[in-house]
Structures are given as C-alpha cells and as structure tokens.
Amino acid sequence: MGAGPVVRPVLAVGQAPVADLVAGAAQQLGHSAVQALLGGSPDRVPERYAIASPQALLPLPGVRLVLVHGDTDMTVPVGQSQAYAELAGAELHILPAIG
C-alpha cells in the first residue's frame, strides 16, 4: 500500500527525545506539550499514544537506535532516554554538564 519505493530505516537518532509519551504526559513535560500534541491525556485518547509513542512502537528490528542526551537537561529528563535505551537496546550517549 502506498507509493514506492519502500524505504526502511536502518538508523534512528534521538536528541533528548520524549521517548515515552505516556510518561511525558504524566510528567507534564513542556507545560503539557504531549497532551496538546495528541489532543488529550493517555486515559482520554490511548489509541493516539499507542501509535505515536516511540516506546510503544518497540521493537524496531534491523534499526540501530542512538540517543544523545545532556545530563542536566531541565526540559526532558535524562531518565526518558535511559529508560528507552534499556528497553530498546539503544546506544545512549549522555553528555556531561549539558542541559
């Protein structure tokens, strides 16, 4: 279905990603930016979180995942990247003294 050719990613890089949108909503990251983007809370529109959250889309066979995150990031906690990296088997590069 859709146009060709089919392109399959082999590498994805996340820079301080909100990799778990459910957790991001609970943490009210970006003054509730996740809820604004998806049009509600995970309880209200769970189907949107299921198809949009990177964590919900795991596993990604054949795709190398690399995350870069500053350890003093005040907008997206580094724990977002740490949790995703552990679940996904992603490479995680934590940059010291970077926000």
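These are my notebook entries on a predicted model of a single chain.

**Ground rules**

I number residues from 1 along each chain as its sequence is written, and my side-chain values use heavy atoms, with hydrogens and water left out. Since this is a predicted model, local features need pLDDT of at least 70 and side-chain atom pairs count only at pLDDT 80 or more, while totals for chains, interfaces and linings use all residues.

**Entry 1: the whole chain**

I began with the secondary structure and found four helices and three strands. I take helices (H or I, at least four residues) and strands (E, at least two) as DSSP runs, numbered from the N terminus. Along the sequence the pattern reads β-α-α-α-β-α-β.

Next I boxed the C-alpha atoms along the principal axes and got roughly 45 × 35 × 20 Å. The accessible surface is about 6400 Å², and carbon and sulfur atoms own 61% of that. Areas here are Shrake-Rupley values with a 1.4 Å probe; for residues, only the protein chains shown count as cover.

How many of the 99 residues are buried? I get 29%, with buried meaning under 20% relative accessible area, exposed over 50%, and partly exposed in between (1.4 Å probe, protein chains only).

I also looked at contacts (heavy atoms within 4.5 Å). Taking those between residues at least 6 apart in sequence, 65% join residues at least 24 apart.

The three strands make an open sheet in the order 1-2-3, with parallel pairing. Strand 1 and strand 3 are the edges, each pairing on one side only. From one strand to the next the twist averages 15°. I note for myself that strands of a sheet pair through backbone hydrogen bonds, either parallel or antiparallel.

I checked strand 1 against strand 2 and counted five bridges, in the parallel sense; two strands pair if DSSP finds at least two bridges between them. One detail for the figure: Val 13 has Val 66 in strand 2 as its bridge partner.

Which helix packs on the sheet? I found helix 4 (residues 78–88) there, touching strand 2 and strand 3, with its direction at about 160° to that of strand 2. For such angles, axes are lines fitted to C-alpha atoms (for helices, over the stretch in contact), and the angles run from 0 to 180 degrees between N-to-C directions.

**Entry 2: the salt bridge**

I searched the whole structure for salt bridges and got one. My criterion was a side-chain nitrogen of Lys or Arg within 4 Å of a carboxyl oxygen of Asp or Glu. The pair is Glu 91 and Arg 64, with the closest N and O atoms 2.7 Å apart. It links distant parts of the chain: Glu 91 sits in strand 3 (residues 91–95) and Arg 64 in strand 2 (residues 64–70), 27 residues apart.

**Entry 3: Ser 53**

Buried or exposed, I wondered about Ser 53? Ser 53 is at 2% relative accessibility, so I logged it as buried. Ser 53 lies in the loop between helix 3 (46–52) and strand 2.

Leaving aside neighbours within four places in sequence, Ser 53 is in contact with Ala 19, Asp 20 and Leu 21. Ala 19 is 34 residues from Ser 53 in sequence, yet the C-alpha to C-alpha distance is 6.5 Å.

**Entry 4: a nonpolar patch**

Val 10, Leu 11 and Val 13 make a nonpolar surface patch of about 300 Å². Patch members need over 30% relative accessible area and no salt bridge; like charges are joined within 9 Å, and nonpolar side chains (Val, Leu, Ile, Met, Phe, Trp, Tyr) within 5 Å. Val 10 is in the segment before strand 1 (11–15), and counts as exposed because its relative accessibility is 60%.

My reminder here: most residues other than glycine have a negative phi, and most peptide bonds are trans.

- Leu 58 and Pro 59 are joined by a cis peptide bond, omega about 0°; Pro 59 is in the loop between helix 3 and strand 2.
- Ser 32 is not a glycine but has a positive phi of about 70°. I placed Ser 32 in helix 2 (residues 29–38), and it is partly exposed at 21% relative accessible area.
- Ala 97 also has a positive phi, about 60°. Ala 97 is in the segment after strand 3 and is exposed, at 66% relative accessibility.
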